[in-house]
Amino acid sequence: MTVHAFHRWMVRGMAAAGMADLSPLDVLVLHNVNHRAKPKRLADICLVLNIEDTHLVNYALKKLERLKLLRSGRKGKEKTVTVTPAGEEACRRYAHIREQLLVKSVLATGLDPVRLSEIAAAMRSLSGQYDQAARAAASL
């Protein structure tokens, strides 16, 4: 349920920021490429987002390029992608909407920020357990 709610938030948050018709993966890829404003390779994006199916990320990259949110380049023989000014602006609008609608409401619950950090750490740990179980299941 948490994953579906997060996906729904990402899609609707980006739509509110003016970028309708993006999938949750498109949003994740856009924000990953925007992070630290430096060129990224397909392999780097897949590694950070923990995605094995590179063709799914490649499809998202092409879609985001068609929308003029990303542009491709080269670093030696490798293809790279960088965020465009339009992509940066979309991420900025999303961040503003996130702050207004999500962060403020989470803070209003009165949850201790330290406790929220502990919950986030537990979720990261659980994701590692799911990854390990998936690898084990693949070898059965």
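This is a predicted model: local features need pLDDT of at least 70, side-chain atom pairs count only at pLDDT 80 or more; totals for chains, interfaces and linings use all residues.
Residues are numbered from 1 along each chain as its sequence is written, and side-chain values use heavy atoms, with hydrogens and water left out.

Back to the strands. β1 covers residues 70-75 and β2 covers residues 78-83, and they pair in the antiparallel sense over six bridges. For pairing, DSSP has to find at least two bridges between two strands. When I say strand or helix, I mean DSSP runs numbered from the N terminus: H or I with at least four residues for helices, E with at least two for strands. The two strands form a hairpin with two residues between them, and glycine 76 in the turn has a positive phi of about 65 degrees.

Now please look at lysine 79, which is in strand β2. Lysine 79 makes a salt bridge with glutamate 65, with 3.5 Å between the closest N and O atoms. That pair links distant parts of the chain, since glutamate 65 belongs to helix α4 (residues 54-66) and the partners are 14 residues apart. A salt bridge here is a side-chain nitrogen of Lys or Arg within 4 Å of a carboxyl oxygen of Asp or Glu. Lysine 79 has a relative accessible area of 36%, so it is partly exposed. On that scale, buried is under 20% relative accessible area, exposed is over 50%, and partly exposed is in between, using a 1.4 Å probe and protein chains only.

How many salt bridges does the structure hold? There are seven. One of them joins the side chains of arginine 41 and aspartate 44, at 2.8 Å from N to O. Arginine 41 is partly exposed at 27%, and aspartate 44 is partly exposed at 27% as well. Together with Glu78, Arg41 and Asp44 are linked in a network of salt bridges. Another bridge connects arginine 93 to glutamate 89, at 3.8 Å between the closest N and O atoms. These two are separated by about one helical turn, because they are four residues apart in helix α5.

You'll find lysine 40 in the loop between α2 (24-34) and α3 (42-49). What the lysine 40 side chain does reach is the backbone oxygen of valine 33, at 3.3 Å. Leaving aside residues up to four places away in sequence, lysine 40 touches several others, including His35, Ile45, Lys79 and Thr80; contact means heavy atoms within 4.5 Å.

Finally, the aromatics. The structure holds one aromatic pair. The ring centres of tryptophan 9 and tyrosine 94 are 5.7 Å apart and the planes are at 45 degrees, so the pair is tilted. The rings of Phe, Tyr and Trp (its six-membered ring) pair if their centres lie within 6.5 Å; planes under 30 degrees apart are stacked, over 60 edge-to-face, and the rest tilted. Tryptophan 9 is in helix α1 (residues 2-16) and tyrosine 94 in helix α5 (residues 85-108), 85 residues apart. Buried or exposed? Tryptophan 9 is buried at 18%, and tyrosine 94 is buried at 5%.

How values were computed. A polar contact is a pair of N or O atoms within 3.5 Å; within protein, one must be able to donate a hydrogen and the other to accept it, and residues adjacent in sequence count only if both atoms are side-chain atoms.
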